Amino acid sequence: MRKLRRSFHEINKAPAGERFRRYHYRRRGRHHPWLRPLILIAGILLVVLGFLLSLPPLVPGFLLWVPGLALIASQSILTASFLDSSERWLRRWYRRLSGNGNNS
């Protein structure tokens, strides 16, 4: 649990739009090459399980998405870049809808 908490704080402290790439670069090469597919599979399983648990009402399955996506991003720079650009886009979209920003 300590490692999971540390990883969460590491991702959360980074600036928006750079979180997952920074996490990827810090985690790159820390594991044996044969562990990489296992980490990817674990991340995918967490995301899928979180999605399935989100289907019934009142079950917060989305809480499994973040660790799952972090596991995937730690092994895939493409996923990390996609998550960072998605975060920037969602933040711009939210600011526009909420009226808390200019057209930036």
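Is leucine 90 buried, exposed or partly exposed? Leucine 90 is partly exposed, with a relative accessible area of 45%; here buried means under 20% relative accessible area, exposed over 50%, and partly exposed in between (1.4 Å probe, protein chains only).

1. **Ground rules.** This is a predicted model, in which local features need pLDDT of at least 70, side-chain atom pairs count only at pLDDT 80 or more, and totals for chains, interfaces and linings use all residues. Residues are numbered from 1 along each chain as its sequence is written, and side-chain values use heavy atoms, with hydrogens and water left out.

2. **The overall picture.** The protein chain has five helices and zero strands, giving the pattern α-α-α-α-α along the sequence. Helices (H or I, at least four residues) and strands (E, at least two) are DSSP runs, numbered from the N terminus. The C-alpha atoms fill a box of roughly 50 × 35 × 25 Å along the principal axes. Of the 104 residues in the protein chain, 24% are buried. Among contacts (heavy atoms within 4.5 Å) with a separation of 6 or more, 53% join residues 24 or more positions apart.

3. **The core.** A nonpolar core is a set of buried Ala, Val, Leu, Ile, Met, Phe, Trp, Tyr and Cys residues joined through side-chain atoms within 4.5 Å. The largest one here has seven residues: Ile11, Phe20, Tyr23, Ala70, Ala73, Ala80 and Leu83. At least two of its residues come from each of α2 (19–27), α4 (65–75) and α5 (77–98). In soluble globular proteins, nonpolar side chains tend to be buried together. Take a look at alanine 80 too: leaving aside residues up to four places away in sequence, alanine 80 touches Phe20, Arg21, His24 and Ala73.

4. **One side of α2.** Which residues of α2 are buried? They are Arg19, Phe20, Tyr23, His24 and Arg27. These residues lie on the same side of α2 because they cover an arc of only 125° around the axis; the arc is that of the directions from the helix axis to the C-beta atoms.

5. **A pocket to explore.** The second largest pocket has a volume of about 350 Å³. A pocket is an open set of points on a 1 Å grid over the protein atoms alone, where a 1.4 Å probe fits, with protein on both sides within 12 Å along at least five of seven lines; lining residues have an atom within 4 Å of a point. This pocket is lined by 13 residues, and Arg19, Phe20, Val66, Leu69 and Glu87 lie nearest its centre. Two or more lining residues come from each of α1 (2–13), α2, α4 and α5, with the largest share, five residues, from α5.

6. **Serine 76 and arginine 36.** Serine 76 is in the loop between α4 and α5 and is buried, with a relative accessible area of 16%. Not counting residues up to four places away in sequence, serine 76 touches His24 and Arg36. Arginine 36 belongs to helix α3 (residues 35–54) and is partly exposed at 40% relative accessibility.

7. Leucine 90 is found in helix α5. Between leucine 90 and leucine 35 there are 32 Å in space, C-alpha to C-alpha, and the two are 55 residues apart in sequence.

How values were computed: Grid points are joined across faces, edges and corners, and a volume is the space filled by probe spheres set on the points.
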